[in-house]
Amino acid sequence: MGAYRARYSQSCRAGRGDHGSPHRRSPIAAHLANASIPARLLDIVPKELTHEEQAKGLTLNNRKVRNRFALAGLDAALKSRPAAFFLPDLARMITVGNFEDDLAGVKDCDWIIEAVTEDRAIKRALFEKVQALRAPGSTISSNTSGIAISTLSEGFGEDFRRHFLGTHFFNPPRYLKLLEIIPTPDTLPEVVEKLSNFGDIVLGKGVVIAKDTPNFIANRIGTFTTMNVLRIMQQDGYTIEEIDALTGPAMGLPKSATFRTLDLVGLDVLVHVVKNLAEALPNDEQRELFQIPEFIARMIERKLLGDKTKQGFYKKTKSKSEDGESEILTLDLKKFEYRERLKAKFASLEMARNIEDARERVKMLFQAPDRAGQFYQKVLSDTFHYAAMRVPEIADDIVAIDNSMKWGFNWECGAFELFDAVGIDRVVAKWQKDNRALPPLAEKLLGCGKKTFYTQSEGTISYFDLATTNYRALEDKPGIILLASLKARKKEIKRNAGASLIDLGDGVLCLEFHSKMNILGADTFQMIHAGLKALNEGFDAMVIGNQAPNFSVGANLMLVLMAIQEGEWDEVHQAVRAFQNANIALKYAPKPVVAAPFGLTLGGGVEICLHSTRVRAAAESYMGLVEVGVGLIPAGGGTKEMLVRALDAVPPDPEADPFTFVKDVFMNIGMGKVATSAEEARRLGYLSSRDSVTMNRDRQIADAKQLALDLARLGYRPGKPRENILALGQPAFTKMKLGLHLMRRAEYISDYDVVVGTHLAKVLCGGGEFTSPQLVSEQFLLDLEREAFVSLCGQKKTIERIQYMLKKGKPLRN
């Protein structure tokens, strides 16, 4: 889109995550900045001074005073957690202003986004001003979810109406993928297409075209589901803890489940949305459900709104549990007092933990004979019925509804995908038992002799289309490669328990991890060598990537622990050497290798990226060499490679001090720093300046493939192992040990952290024995890494840390 400029105004919104707070005005502007898009953030002008402004002698004419609300919005975005910006300094991309002084600037904007108070008259008054100032052909959109989009543009000029539509971002825009685009009857198709492509490619959004109905798609289905869960909880006597156990990951929903989510969103927001739906949906068959329960009203009266008032359904206390975590109390809805949390106990949930596939898990839970099964039968059959009744009211097809729930509410599967998993016969039997009529969509499906909403054949997914009463194939989208689809088309050429090789076409191979959490082990290393052999036998390039929730959480610590406990030290040495050899083979591969990390990319996952020719990272990549958390150091070549990168970054200036650069590596690895974005990973050295980023993870494999092809066509030539790496020796080692001593005295680190840090310092300084800087080889440093790793494996504290992490899923620092 070129030098895109966007104007974003005051937000006072409601919806999933759209909190309506004055401190949530700038998340869209922040995400535009993440995409390197300059944005203007405008807000209203204050009518009176604050006490602080009066004390400073400021007047209402002062520029900072006039921009106070916009500045507050930007400050809130900078302080928000999770972070709204990939990096704080991206805030420089945003220019703040106000409606009275700066609205004329919209003439330079390609896209003007309105997000003012949910009042039709106020919005239309602003649009009157914008219409007189905007450039012809610029796009105007409203971020409302409670007002009909078409009523906002009625009566305006033809060019305005043709370029006007709704764009409903889910908050926080950086993390929630859904962007609902709502055209009016006047909106030009090319405007919809242009904005859809921009949202998809540039902003990384999952775009769904929604109809102009109250709360559009995701909030309509999501609010119904929430209110229905609250109804069933009251009717059947489930506790808050039981509901959250039932409506979290077990059901394929986020860990925040029902009540933690409501605390995050805020009960005032829920009330606003529910009231809006009740007023706007007089003919909805479930309209009586959109009423505020009595206990919610009581919580509102007592200002138990959730996180924004520091107490809601849950309340965090200052006292600590045995694990050092803050204790969390639960609200007793009968006594309206906080009590200790109770553990939810359902036999079927315990059994379901062993079922990884969400569809199979939900299918089993729906049939469970206990109270959990009864809950799922009610909630799911109600959700399926309501979703089926909404086609074609809110969307023309089931795919739009399923994608909206997956992208907007982080459901693992959409409503119709779960419907298929449970089985239409079971669901219809439940409806018949409850004397409920079949929705027209289900009736048509069964009338055609079909039993599923989706079908798959040779990698092509088709969905049941109500308009044609037949299956309609989902078209392949340019720029998106689905590995599962390729495997269904017999493109998998080699496979073992930990990884696969898949033919991406055009001479490019993909190495896909598929172990649990993509843990790295002997199977992975074997497949790395198999992939490199395939490069020698005809393929032109290789991509290392997968489409699981996370790229890789690192090496298999369980196997390491077992070898330690059995005293198999040769086995430990051999395992570390195998990983080092695989990574060195990647680094000096005969043809280009592009790694495509995303999500959690930890330990060994980072080391694979460090040794690849290039990296095409997803914007949301959380990369870190975290081995110190279990009392170890990176030994798959990661310590060596970070040192090499740091030394290569030293400018050719005799005054430049290499220790300054090596010290940063020491701190990053020694503190187990994990980047919160791909751009921060670049700052920490896990990505280089030559590595690139994909905003939409759906496009990452295709982008990585194209990068690999480009490298091959540009005449890629492998290097050879380095022999000229500067080892700083004893002087640097002494400085690092002094730093560890000072950090221990300040109680920043533990005694055992000093032990681990000393081993790390020794490797980074070339063994710490050289009295002056010396040149060493990569292999020399790899040997030091391996010896340090094995030495630390023999320490009691390391064993305790590994055991704790395997049990709790997080590192122990002591």
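Me: At about what angle to E21 does helix H30 run?
Reply: In this predicted model, helix H30 covers residues 700–713. The helix lies across E16, E17, E18, E19, E21 and E23. Relative to E21 (614–618), H30 runs at about 165°.

Me: Which strands stand at the edges of the open sheet?
Reply: Seven strands form this sheet, in the order E15-E16-E17-E18-E19-E21-E23, with mixed pairing. An edge strand has a single partner strand, so one side of it is left without a neighbour in the sheet. The strands in that position are E15 (492–495) and E23 (692–694).

Me: In which sense do E15 and strand E16 pair, parallel or antiparallel?
Reply: Strands of a sheet pair through backbone hydrogen bonds, in one of two senses. Between E15 and E16 (residues 499–505) there are three bridges. Lys494 stands opposite Leu501 in E16. The sense of the pairing of E15 and E16 is antiparallel.

Me: At roughly what angle do the axes of helix H10 and helix H17 cross?
Reply: Two packed helices are described by the distance between their axes and by the angle between them. For H10 (residues 218–236) and H17 (residues 371–389), the axes come within 10 Å. The crossing is right-handed, and its angle is roughly 145°.

Me: How many charged residues has the contact of H10 with H17?
Reply: On the H10 side the contact includes Arg220, Arg231 and Asp236, while H17 contributes, among others, Arg371, Lys378 and Asp382. By class, the contact has eight nonpolar and three polar residues, and the number of charged residues is six.

Me: With the side chain of which residue does the side chain of Arg390 make a polar contact?
Reply: Arg390 touches several residues, including Glu285, Ala395 and Ile401. The polar contact has a distance of 3.0 Å, and the partner of Arg390 is Glu285.

Me: What is omega, about, for the cis peptide bond that joins Arg81 and Pro82?
Reply: Most peptide bonds are trans. The bond between Arg81 and Pro82 is cis, and Pro82 has its place in the loop between helix H4 (68–79) and strand E3 (94–98). Omega for this bond is about 5°.

Me: Is Asn435 buried or exposed?
Reply: Asn435 is in the loop between helix H20 (424–433) and helix H21 (440–447), and its phi is positive, about 55°. Its relative accessible area is 72%, and because exposed means over 50%, Asn435 is exposed.

How values were computed
Residues are numbered from 1 along each chain as its sequence is written. This is a predicted model: local features need pLDDT of at least 70, side-chain atom pairs count only at pLDDT 80 or more; totals for chains, interfaces and linings use all residues. Side-chain values use heavy atoms; hydrogens and water are left out. Axes are lines fitted to C-alpha atoms, for helices over the stretch in contact, and angles run from 0 to 180 degrees between N-to-C directions. Helices (H or I, at least four residues) and strands (E, at least two) are DSSP runs, numbered from the N terminus. A crossing is left-handed if the near helix is turned anticlockwise from the far one by less than a right angle, and right-handed if clockwise. Contact means heavy atoms within 4.5 Å. Ala, Val, Leu, Ile, Met, Phe, Trp, Tyr, Cys and Pro count as nonpolar, Asp, Glu, Lys and Arg as charged, and the others, Gly among them, as polar. Two strands pair if DSSP finds at least two bridges between them. A polar contact is a pair of N or O atoms within 3.5 Å; within protein, one must be able to donate a hydrogen and the other to accept it, and residues adjacent in sequence count only if both atoms are side-chain atoms. Buried means under 20% relative accessible area, exposed over 50%, partly exposed in between (1.4 Å probe, protein chains only). Lists of a residue's contacts leave out its neighbours within four places in sequence.
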